[in-house]
Amino acid sequence: MIRIELSLRLPNSPGALAGVCRLLSDERVNVQAMALDAGGQLRMVVDNHVHGAAVLREHHHKVTERDVVVTTIPNAPGSLAPLLKLVRDADVNVEYSYGGGSEGSHSAMIVLGVEDAQRAAAAAGI
């Protein structure tokens with residue numbers, strides 16, 4: 001499915017990520033997936049992107065929003081490859097990805113940042 005991802009830059013300082021998570025938690029916004037890179041770029045899929053983005057903006061975070069493809073796959077070796085082949089065959093470039101599954105869980109959640117989320121989702125049957 002196509003979801004809206006929130007993206008913002010965090011300072012490289014102790015507690016920066018905790019502060020964002022606390023703001024969202026206090027407003028009952030659930031973080032469903034996130035990735036933070038070494039440069040401070042935080043990407044998140046939350047259960048209510050409209051409210052989550054508003055809360056972060058109220059606290060002076062510069063938030064951008066983007067369509068991403070989110071799907072659940074079996075948590076087993078080789079499960080992601082067929083999905084990525086469908087996206088490749090549709091000539092859609094994967095710019096970044098994040099996600100995972102708990103050990104022992106039967107499924108994993110994957111987020112794909114792609115140049116054309118509509119085309120990627122349609123090609124993958126998501």
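Does R57 count as buried, partly exposed or exposed, and at what relative accessibility?

A: The model is a predicted one, and every value below is computed from it. At 39% relative accessibility, R57 counts as partly exposed, because that value falls between the limits of 20% for buried and 50% for exposed. R57 forms a salt bridge with E65, in which the closest N and O atoms are 3.2 Å apart. E65 likewise counts as partly exposed, with a relative accessibility of 39%.

The helix to look at is α2, which spans residues 49-58. Its buried residues include G52, A53, V55 and L56. These residues lie on the same side of α2, because they cover an arc of only 160° around the axis. On the face turned away from that buried side, α2 carries the exposed residues V50 and E58. Just after the helix, H60 takes a positive phi of about 70°.

As for what lies against the helix, the cover over the buried residues of α2 includes β1, α1, β3 and β4. Three of these names return in the largest nonpolar core, which has 15 residues: β1 (2-9), α1 (16-26) and β3 (41-46), together with α2 itself, are the elements that give two or more residues to this core. The largest contribution comes from α1, with 4 residues. Within the core, the residues with the most contacts are L6, L8, V20, L24, M44 and L56, and L56 is also one of the buried residues of α2. As a general matter, nonpolar side chains in soluble globular proteins tend to be buried together.

L6 gives a detailed view of this packing. Leaving aside its neighbours within four places in sequence, L6 is in contact with H49, G52, A53 and L56, as well as with L42, R43, M44 and V46, and with V63, T64 and E65.

A search of the whole structure finds 1 aromatic pair. The rings of Y96 and Y98 have their centres 6.4 Å apart and their planes at 5°, so the pair is stacked. Both tyrosines are buried, Y96 with a relative accessible area of 14% and Y98 with a relative accessible area of 9%.

The strand β4, part of the cover over α2, runs through residues 64-74 and contains T71. T71 is buried, with a relative accessible area of 13%. Apart from sequence neighbours within four places, T71 is in contact with L83, A108, M109, I110 and I126. Of these, L83 belongs to another core, of 13 residues, which lies apart from the largest one and also has V69, I73 and V114 among its members.

Elsewhere, R88 and D89 meet in a salt bridge at 3.2 Å, N to O, and K85, R88 and D89 are linked in a network. R88 counts as exposed at 54% relative accessibility, whereas D89 counts as partly exposed at 47%.

Conventions: Residues are numbered from 1 along each chain as its sequence is written. This is a predicted model: local features need pLDDT of at least 70, side-chain atom pairs count only at pLDDT 80 or more; totals for chains, interfaces and linings use all residues. Side-chain values use heavy atoms; hydrogens and water are left out. A nonpolar core is a set of buried Ala, Val, Leu, Ile, Met, Phe, Trp, Tyr and Cys residues joined through side-chain atoms within 4.5 Å. Buried means under 20% relative accessible area, exposed over 50%, partly exposed in between (1.4 Å probe, protein chains only). Contact means heavy atoms within 4.5 Å. The arc is that of the directions from the helix axis to the C-beta atoms. Rings of Phe, Tyr and Trp (its six-membered ring) pair if their centres lie within 6.5 Å; planes under 30 degrees apart count as stacked, over 60 as edge-to-face and the rest as tilted. A salt bridge is a side-chain nitrogen of Lys or Arg within 4 Å of a carboxyl oxygen of Asp or Glu.
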